[in-house]
Amino acid sequence: MANSTSQPTTNPTKTGSWAVRMSESVLKRSPEFFEKWEYDHGVIYRGLEWVGELTGDPKYMEYIKKHMDHFVDENGVIQRYKVDEYNIDHVNNGKLLFSLYRATEDERYKKAAFQLRSQLEKHPRTSEGAFWHKQIYPYQIWLDGLYMGAPFYAEFIREFGDPSEFDDVTLQFKLCYKHTRDPETGLLYHAWDEKREQHWCNPETGCSKNFWGRSMGWFVMALVDVLDYIPEDHADRPVLIDMLNETLEALLKVRDKESGVFYQVLNLGHVKGNYLEASASCMILYAMAKGVRKGYLPEHYRQEAEIIRKGIIDEFITITEEGLVNLNKTVQVSGLGGKDRRDGTFAYYISEPIITNDPKGIGAFIQAMGEAERI
């Protein structure tokens, strides 16, 4: 999505719903198809789906359907997607298939969901049963992967699976939390290597070196979304709710006190080169506001969510001359290892490009504002 010349935002209390305004900006900026089956577009689609439900306007689901139909053929086969790549990121878009199937009763959406489920059946795992982030990243758990795979998996089980399978969904969170959580700060490291072989990991713990903002954003979003599907009487449901409370409590301790939002490297706001980052801030707000609405969090988080909401608008939002909403200061990508040998150092995390209107940030913004406005 292209950047635009921008002006300071007007008072958000006088401009209506920010979730709707950003959704309208997406529809105007990106009317045509995305060319790749990429997880970040699914974050936008999820936001648009939410706004469609909120407003009752069918155009948002029509937009999603048009874009999803670009990939799902008449036989329910997802084009430009390969099961045997075993990339957990590629599962994320599948969350939209359930609502499309419910709305249309078109079997091809159900077939496409089963195609993604077949990936999870054979997806490689650690010795304890956690999904590898990707086949090319063996024996590694990344926080990002919980958002990419677990909500789809849980909703699939609710719609088409066996309730006993929920144990496998909650296992993913328990193993990730067990291996990535720092007992001193309560924050979660970006990733963990079971084999302790990666150049980016601590040879004793297997953890990466830093607490990356967006990775923790993915994790807390995954928690509140999965709880939509975990049965009330499931033994692990209170475990996940406790996990959400503990993680958000740790995050609030590293929030920037002046702006109310979060840094690219969460606990190093005082270090030169670090910066306030939009996507992480939006994701954390989403989890907090939804957690309040659903009753998972104490009431005082309502006030904390409002502080973050105002901070996001003030720090990251500008309006173009055409009236379109820009979300600024989103890191384009941050990863570990691979061909570029990304080493997980602070210097690495602050070296990646910072862009405007990144799909991951926009999608998180729509969802966050929708939840914050709702409470």
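## Cysteines

A residue counts as buried when its relative accessible area is under 20%, and because C201 has 10% relative accessibility, C201 counts as buried. In this predicted model, C176 is likewise buried, with a relative accessible area of 0%.

The structure holds 0 disulfides. For C176, which is in no disulfide, the nearest cysteine sulfur is that of C207, at a distance of 9.5 Å. C201 is in no disulfide either, and the nearest cysteine sulfur to it, that of C207, is 8.5 Å away.

## Packing of α1 and α2

Helix α1, which covers residues 18–29, packs with helix α2, residues 39–55, at an angle of about 125°, and the two axes are 10 Å apart. That angle makes α1 oblique to α2, and the crossing of the two helices is left-handed.

On the α1 side the contact is made by A19, V20, S23, V26 and L27, while α2 contributes I44, L48, V51 and T55. Sorted by class, the contact of α1 with α2 has 7 nonpolar residues, 2 polar residues and no charged residues.

T205 is placed in the loop between strand β3 (191–193) and helix α8 (213–226).

Leaving aside neighbours within four places in sequence, T205 is in contact with W192 and R196.

Note on methods: Residues numbered from 1 in each chain as written. Predicted model: local features only at pLDDT ≥ 70, side-chain atom pairs only at ≥ 80, totals over all residues. Heavy atoms only, no water. Helix = DSSP H or I, 4+ residues; strand = E, 2+ residues; numbered from the N terminus. Contact = heavy atoms within 4.5 Å. Axes fitted to C-alpha atoms, helices over the stretch in contact; angles between N-to-C directions. Parallel < 35°, antiparallel > 145°, perpendicular 65-115°, else oblique. Left-handed = near helix turned anticlockwise from the far one by under 90°. Nonpolar A, V, L, I, M, F, W, Y, C, P; charged D, E, K, R; others polar. Disulfide = S-S within 2.5 Å. Buried < 20%, exposed > 50% of the residue type's maximum accessible area, 1.4 Å probe, protein only.
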